[in-house]
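Open the structure in your viewer and keep the selection tool at hand. The tour goes from one selection to the next and says what is there at each stop.

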Amino acid sequence: MKKLVLRRAAVGPSGRAYRIDYAKELNAAQYAAVMHDKGPALVLAGAGTGKTRTLTYRVARLVEDGTDPASVLLLTFTRKAAREMLRRAGSLLDGRCDTVAGGTFHALANLVLRRYGATSSIGLASNFTVLDQGDAEDVMNLVRTSFDVAKLKKRFPQKNTLLAMYGRSVNTGQPLADVIAEKYPSFIDETDRIAAIVRGYNDYKRRGAMVDYDDLLLYLLALTRHEEIGPVLRQRYKYIMVDEYQDTNVLQHNIVLGLSGPDGNVMAVGDDAQSIYAFRGADVRNIHRFPEQYPTATIIRLEENYRSIQPILDVANAVLQDAPFMFDKELRSTRGDGEKPMLISCTDERQQSRFVVERILEMRESGTPLSKIAVLFRSGFLSFDLEIELGKANIPFKKFGGLRFAEAAHIKDVLALLRLTVNPRDAVSWYRMILALEGVGQKTAAVVVEAIRDAEDALHPKVSLTGKAAASVMSLLDAIRTASTYTTAGERVDNLVAWYKPVCERQHDDPQRRWKDVESLVAICARYGSTSEFLTDIALDPPTTSIEDIDPDDHEQEFVTLSTIHSAKGLEWGNVFLIWANEGTLPAARSADSEESLEEERRLVYVAVTRAADDLYITYPTVILERERTDVLGRPSRFLDAVSRDICPTFLLDEGESEDSA
DNA sequence: GGCATGTGTATTTTT
DNA sequence: TACACATGCC
């Protein structure tokens, strides 16, 4: 038997002895944050400074001091981040953090609204549907079309532009007219019509008990201000922690204010240098103004970087050097010196891809696992050429960002079918599926949807059609009717998918590949009893990529990560390539018009650079093929101007000895 | 004439 | 992939 050993314990404010030796496991600043008890606090956590660790330990510390885990609320940017933190906190304390509430603002809103949405003045049925971005666009499109804007003979905003206008208005609190005047001046004459369409959009959602992402936040805010429910929520959540505070929008900021009440038991954690979601309404000023908002706030700075070697941080610090106001920060590495990052000037995109591929092959040769390598870029399409080269070289990779699972047409189809079994009044889903049928175009689809809307029983509409259209519409109605008789999501989806297969095969030329996706969706769905719960989860937390998440065989496999900078937030790799680091791409040309958006591009560079632990290669092509013959001469991103060649030397690529002698 | 379907082109970033 | 526009079927 092992012998018992005595260890001197620290004692917390509650007088209980801590199991975890916080002082030993944390640095001074982290320790201060973890021990912070009541009242507002702002933790400025630079990249790689152990932010997750700090949050995790604070949760554990609160629980060790006897705080009811259910009264701790951890708001994060993604559900995945929340899961990870709660898992880690749980493992510190043998699972005693199970009941801590954690997730995104949207997930919290969903939870609270299911419970209180119907009873309050909001009057939202508890079985409401959550619309994801694509669904919301479809609804907007339906309303837009009903306004006959095509007949205007004038450019009129597209569905996604309309949604962006409305979303901006909601997320920044600006009136719609002001948003149009400021951000979309070319449509200023159409302000009234746009406003009418937005009203139509909101009416449609209300009638169908649907909420989009913005509504979730709006309704949650309303509930925090509600006479009876507000106090209930504040009673419930006594300790609030918000991660990535720099990426909150005004709405979310107000929700935090509403939830925390006058005492302000809020710990906001973030890094203003990593605010990269302004396009979604995020406002860096939320974090900048936190100290004014809460004059008694404790401010704690985490500056010791555990991730990167100093030469990488030198580049990161230099990128921020000329930035206008930011909280003071200077990242210091705890790891010391190492190889300097390299700036590599490539002749064109081909050479850039070749360089990355050859370097990856060398790394693999010298024993670096592929999982430690990442290639980062500004926008999804910038990796297309590289993907081809990686494929040729047989280097497995996985791409994050860009196309998401739930955005693929065939996945949306299956989800639409499922939705119809839950809500046969869902005109958007009907329209989508009817349009997919053989012999049916926009006109016929509109007629059928109209008939369904007017019918007493949506599944038995009175509509007279002939030929192929008649037969295929009948078969769709029949499929929905049959599937609806089953109770579980799994049974329903099996039925629907059997009907959908020939439709999918007729519509797409690569049905086999698509069908794999459908099958993984079916596999996820099979775990659910309730169809609407499944649909909500898919909308709030869509699987990032197609099969990997589900296929257990692929889990072990080694792969290089390709990712947009946005999707790389919070992650790290040993070896990082930042490609397309040239003017016009990073910053993106469309961001060059305002200082605000330019600064956001600077922060993107900062985020990208600070993902690297050991090796960083920044590449840019000099000759860029613009559309139709005009080649543009590329120059490196202006945000690298302040990075001296001494910190990050420049290299050119020459053709070496050919290796294949065959 | 009305409608379904094919073709070409251009794409930020995401809860 | 999603749109605008052109073509060809009923």
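Start by selecting residues 191–207, which form helix α9, and find Ile 197 within that helix. Keep in mind throughout that this is a predicted model.

Is Ile 197 buried or exposed? Ile 197 has 24 other C-beta atoms within 10 Å, so it is buried, the cut-off being 20 or more. Val 143 and Ile 197 lie 54 residues apart in sequence, yet their C-alpha atoms are 6.4 Å apart in space. Setting aside neighbours within four places in sequence, the contacts of Ile 197 are Val 143, Arg 144, Phe 147 and Leu 162.

Next, select residues 511–525, helix α23, and pick out Val 522. With 16 other C-beta atoms within 10 Å, Val 522 counts as partly exposed, because that number lies between the limits of 12 and 20.

Move on to a pair of helices. Select residues 349–365 for α16 and residues 384–392 for α17; their axes come within 9 Å and cross at roughly 45°. The crossing of α16 past α17 is right-handed. To see the contact itself, show Glu 349, Arg 350, Ser 353, Arg 354, Val 356 and Val 357 on α16, then Asp 385, Leu 386, Glu 389 and Leu 390 on α17. Sorted by class, this contact holds five charged, four nonpolar and one polar residue.

The largest nonpolar core has 121 residues, and the members that touch the most others are Val 43, Val 59, Leu 74, Leu 220, Val 414 and Ile 434. Centre the view on Val 43. Leaving out neighbours within four places in sequence, Val 43 is in contact with Ala 33, Thr 54, Met 267, Val 269, Ile 300 and Leu 302. Another core, of 53 residues, lies apart from the largest one; to find it, select Val 319, Leu 343, Leu 604 and Tyr 617, which are among its members.

How values were computed. Residues are numbered from 1 along each chain as its sequence is written. Chains are lettered from A and ligands numbered from 1 in the order in which they are written. This is a predicted model: local features need pLDDT of at least 70, side-chain atom pairs count only at pLDDT 80 or more; totals for chains, interfaces and linings use all residues. Axes are lines fitted to C-alpha atoms, for helices over the stretch in contact, and angles run from 0 to 180 degrees between N-to-C directions. Helices (H or I, at least four residues) and strands (E, at least two) are DSSP runs, numbered from the N terminus. A crossing is left-handed if the near helix is turned anticlockwise from the far one by less than a right angle, and right-handed if clockwise. Two residues are in contact if their C-beta atoms, placed from the backbone, lie within 7 Å. Ala, Val, Leu, Ile, Met, Phe, Trp, Tyr, Cys and Pro count as nonpolar, Asp, Glu, Lys and Arg as charged, and the others, Gly among them, as polar. A nonpolar core is a set of buried Ala, Val, Leu, Ile, Met, Phe, Trp, Tyr and Cys residues joined through C-beta atoms within 7 Å.
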